[in-house]
Amino acid sequence: MRQAVRHLVASAAVLLGFAAPLMAQQGGTVHLPNAEDSDEIIVEALRLPRRALPTQVRWSYVRATHNRIQYERAREFAKCARETGSAWLRKVVDGEPNSAQATFAQGWIVLKNRVCYPGFPSQSAAPDVADFGRSSLDRAALLEEVFKTHAPDAALTIADTHDPEVRERFRNREIPRNRLRIGGDREALVLTSCLVREQPELATRLIRSAPGSALGQGLTQAMLVEGRACLGENRKIVIDPTNFRAYVLDAFYRWVVAARNVASLIPAA
């Protein structure tokens with residue numbers, strides 16, 4: 001797990017904010033948020049000084065701005081793409097990540113909706129569909145639209161993710177399904193899958209929060225501190241909120257389909 005967090009630091013691939021349990025500060029105690037606290041308290045937690053936290057969390061500024069802009073563009077594209085046929089969307093969100101079929105399906109959706117895709121390159125030659133199907137942020141934006149359109153009530157509780165049958169179903173599905181994930185991509189999903197399992201209520205609120213919002217940062221902080229067992233012995237991390245959200249969306253979706261015991265949240269055509 002330490003290697004997983006090192007990847008997130010090195011490539012700015014995941015993670016964002018953080019908080020912790022009770023701790024001393026200026027002679028008193030500070031209550032950091034958990035799943036039972038309100039969103040207002042979670043946002044207030046952002047005001048805690050970094051030195052007061054048991055794990056030092058810093059924002060990655062190397063790719064953070066670029067990824068935030070790219071994700072905003074991806075969300076505009078995904079709004080147009082939500083009318084895409086369910087069969088194609090299923091191949092993207094329920095297929096094997098990084099497989100030729102899933103990559104082609106995502107590229108096809110991009111090309112079909114290219115008038116809504118900001119910055120789509122103009123070219124005379126026939127495009128390679130697969131080249132437009134590799135963006136993890138585009139995929140995350142499509143997932144957001146799937147939740148809004150087909151499962152706005154999607155939620156997880158600790159009873160769901162700690163149910164032995166659900167956990168067994170999750171493992172049996174996700175181990176073979178993610179066989180093509182390698183390196184940091186696989187490690188990041190393992191980490192966020194653990195965080196969603198340990199803090200499902202916070203994960204639910206995070207995916208319902210607005211991307212890039214202060215609330216989203218506070219929820220991420222709370223999710224990390226309350227699920228710090230997933231971080232191993234790491235006490236210093238550098239994180240990117242946009243990619244963190246993308247991986248949490250993916251892990252959350254997989255836990256929801258396992259909890260509901262369905263193949264997909266997208267209705268068949």
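**Exercise 1. State what covers the buried residues of helix 10, and which residues those are.**

Solution. The cover of the buried residues of helix 10 includes helix 2 (39-44), helix 6, helix 7 (158-161), helix 9 (183-198), helix 11 (214-226) and helix 12 (241-260). The model is a predicted one. Finally, name them: Pro200, Leu202, Ala203, Thr204, Arg205, Leu206 and Ile207 are the buried residues of helix 10.

**Exercise 2. Describe the protein chain as a whole: its secondary structure, its burial and its surface.**

Solution. Start with the secondary structure, which consists of 12 helices and 4 strands. Then take burial: the protein chain has 269 residues, and 51% of them count as buried. The accessible surface is about 12700 Å², with 51% of that belonging to carbon and sulfur atoms. Last, look at the contacts between residues at least 6 apart in sequence: 81% of these join residues at least 24 apart.

**Exercise 3. Determine how helix 5 and helix 6 are oriented to each other, and which residues meet.**

Solution. Helix 5 covers residues 100-112 and helix 6 covers residues 136-150; their axes come within 11 Å and cross at roughly 80 degrees. An angle of 65 to 115 degrees counts as roughly perpendicular. Helix 5 and helix 6 are therefore roughly perpendicular to each other. On the helix 5 side the contact has Gln106, Ile109 and Val110, and on the helix 6 side Asp138, Arg139 and Leu142. Sorted by class, the residues of this contact are 3 nonpolar, 1 polar and 2 charged.

**Exercise 4. Do the analysis for helix 3 and helix 12.**

Solution. Helix 3 (residues 64-81) packs with helix 12 at an angle of about 50 degrees, and the axes are 8 Å apart. That angle makes helix 3 oblique to helix 12. Helix 3 contributes Ala64, Asn67, Arg68 and Tyr71 to the contact, while helix 12 contributes Thr242, Asn243, Arg245 and Leu249. The classes in the contact of helix 3 with helix 12 are 3 nonpolar, 3 polar and 2 charged residues.

**Exercise 5. Classify the aromatic pairs Phe147 with Tyr253 and Phe170 with Trp255.**

Solution. The structure holds 6 aromatic pairs. For Phe147 and Tyr253, the ring centres are 5.8 Å apart and the planes stand at 70 degrees, so this pair is edge-to-face. Phe147 lies in helix 6 and Tyr253 in helix 12, 106 residues apart, and the pair links these distant parts of the chain. Both Phe147 and Tyr253 are buried.

For Phe170 and Trp255, the centres are 3.8 Å apart with planes at 5 degrees, so this pair is stacked. Since Phe170 is in helix 8 (residues 164-177) and Trp255 in helix 12, the pair ties together parts that are 85 residues apart in sequence. Phe170 and Trp255 are buried. Elsewhere, one aromatic cluster is formed by Trp88, Phe104 and Trp108.

**Exercise 6. Is Leu265 buried or exposed, and what does it contact?**

Solution. First locate Leu265: the residue lies in the segment after helix 12. Its relative accessibility is 7%, so Leu265 counts as buried. Leaving aside neighbours within four places in sequence, Leu265 is in contact with Phe147, His150, Ala151, Tyr253, Val256, Val257 and Arg260. Two of these contacts, Phe147 and Tyr253, are the residues of the edge-to-face pair. For a further distance, take Ala154: Leu265 and Ala154 are 111 residues apart in sequence and 9.3 Å apart in space, C-alpha to C-alpha.

Notes: Residues numbered from 1 in each chain as written. Predicted model: local features only at pLDDT ≥ 70, side-chain atom pairs only at ≥ 80, totals over all residues. Heavy atoms only, no water. Axes fitted to C-alpha atoms, helices over the stretch in contact; angles between N-to-C directions. Helix = DSSP H or I, 4+ residues; strand = E, 2+ residues; numbered from the N terminus. Parallel < 35°, antiparallel > 145°, perpendicular 65-115°, else oblique. Contact = heavy atoms within 4.5 Å. Nonpolar A, V, L, I, M, F, W, Y, C, P; charged D, E, K, R; others polar. Buried < 20%, exposed > 50% of the residue type's maximum accessible area, 1.4 Å probe, protein only. Areas by Shrake-Rupley, 256 points an atom, 1.4 Å probe, with all protein chains shown as cover. Phe/Tyr/Trp six-rings, centres within 6.5 Å; stacked < 30°, edge-to-face > 60°.
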